[in-house]
Amino acid sequence: MDHQAFRRYGHELIDWVADYFEQVEDYPVRAQVQPGEIKAQLPAAPPVAGEAMEQILVDFQTIVLPGMTHWQHPGWFAYFPANNSPPSVLGELLTAGLGAQCMIWQTSPAAAELEEVVMDWLRQMLGLPPGMTGVIQDTSSTATLCALLAARERATDFAANRGGVRQPLRVYTSEEGHSSIDKGVKIAGYGIENLRRIPTDERFAMIPEALDAALREDREQGLQPACVIATLGTTSSTALDPLEPIGEICARHGVWFHVDAAFGGTAALLDEKRGMLKGAERLDSFVFNPHKWMLTNFDCSAFFVKDPGTLIRTFEIHPEYLKTGHDAQVRNYRDWGIQLGRRFRALKLWFVIRSYGVEGLRAMVREHLRLAELSTCAWRSCSRAGWSPTRASS
Ligand SMILES: *Cc1c(COP(=O)(O)O)cnc(C)c1O
């Protein structure tokens, strides 16, 4: 494709996306297709010769689009909002256009430094402690896995310092904790039998006394507590685990304290919701997804840590071909997570935050909470009518 053609189709597709934003409610929320229906319309083998963009766009319109579920539809009430926004799409367009791979500072200095700055903006916006510092990950699942790996690193150092034999390491979350925690525990090699689910109270929040009892019991059994994962905004009921007493227990037992606020974390933009972060000084790590409730298109997950040293010790690598003369002065985010190659995700986040401003984002969250309150009222009248909600499992 030459530059002229790119320009023409580029303009056409921006118009297409603008129309989509304007008319998304005209589509059915869910794709009206049966399993296999899309696949049956696609050739099994790749085209040998290049095809005309006109034809590709026709097939997008007639084959792909009918098979899409419309997450941006105003009638979309599944999972979480996943709200996109025009500034986010424009930032993403530039990221794609630049095509930069942002694994280390030198491969894109602006990407590394913008990520550092934007993540500190986010930290301030949510009211996380000044000591915390952030890195963008693809998803909360990845961030929680990174926290579990860093916790394992710290715990095994503890074990080495005590000169003892390495005992099984234990991880704790509430009965309502997300399945990404099970997945992380499996991948990080803890063994799923070492994930302990702590009971919750009548508001579905973790019971701190039950956590403390579990940690003591495990120690007495010769097991080593390594990580506690609290949730702010559980999947089934948006329950909030009480960070302050849980953090105090973690500090007493010397375990890594991670918070999964994937969906609910954005609410901390509001002063009136900040209370959920009471006790955050004790956090070792925290994740929330701007791609869920902060007008940023998928994917963009904000992961904060108190001690980047442990995180870096977990992930760092120093092959000759990645060493640069600046390594002592800069952040090389390849050492802050699993991936080597990294997308320039900070750009769309910067577009979103600048374009709406903190006040604009707060207004969005406040409005969403107002709407949620309306549906809660409807829910309450259901209960009064004798329809009782049953406890859903996560
Ligand atoms: C959505 C969600 C996750 C998983 O997030 P991904 O970014 O899709 O990995 C984890 N925990 C909670 C509480 C969630 O709401």
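Predicted model: local features only at pLDDT ≥ 70, side-chain atom pairs only at ≥ 80, totals over all residues.
The domain assignment divides the chain into domain 1, covering residues 3-75, and domain 2, covering residues 94-349. The C-alpha centres of domain 1 and domain 2 are separated by 36 Å. The second largest pocket lies between the two domains, because domain 1 and domain 2 both contribute residues to its lining. This pocket holds about 660 Å³ of space. Its lining consists of 23 residues, and those nearest the pocket centre are Y20, M68, Q72, N84 and N297. Three helices each supply at least two lining residues, namely helix 1 (3-23), helix 3 (53-64) and helix 4 (86-98). Helix 1 provides the largest share, with five residues. By residue class, the lining of the second largest pocket comprises 14 nonpolar, eight polar and one charged residue.

For S141, a polar side-chain atom lies 2.5 Å from a ligand oxygen. In the case of N289, the distance between a side-chain N or O atom and an oxygen atom of the ligand is 2.9 Å. For K292, a side-chain N or O atom is likewise found 2.9 Å from an oxygen atom of the ligand. The ligand taken alone exposes 380 Å², and 87% of that area is buried by the protein.

The structure contains two cavities of 30 Å³ or more. The largest cavity has a volume of about 40 Å³. Its lining is formed by I136, Q137, Y333, W336, G337, I338, Q339 and R342. Of the residues lining the largest cavity, four are nonpolar, three are polar and one is charged.

Most residues other than glycine have a negative phi, and most peptide bonds are trans. The peptide bond from F298 to D299, however, is cis, with omega near 5°. D299 is located in the loop between helix 10 and strand 7 (301-305). Y79 is not a glycine, yet this residue has a positive phi of about 55°. Y79 is placed in the loop between helix 3 and helix 4.

Helix 3 and helix 4 each supply at least two residues to the lining of the second largest pocket, and the loop between helix 3 and helix 4 contains Y79.

Terms used
Residues numbered from 1 in each chain as written. Heavy atoms only, no water. 1 Å grid on protein atoms, 1.4 Å probe; cavity = no way out; pocket = protein on both sides within 12 Å on 5 of 7 lines; lining within 4 Å. Points joined across faces, edges and corners; volume = space filled by probe spheres on them. Helix = DSSP H or I, 4+ residues; strand = E, 2+ residues; numbered from the N terminus. Nonpolar A, V, L, I, M, F, W, Y, C, P; charged D, E, K, R; others polar. Domains from an automatic or database assignment. Polar contact = N/O pair within 3.5 Å; in protein donor to acceptor, adjacent residues only side chain to side chain. Areas by Shrake-Rupley, 256 points an atom, 1.4 Å probe, with all protein chains shown as cover.
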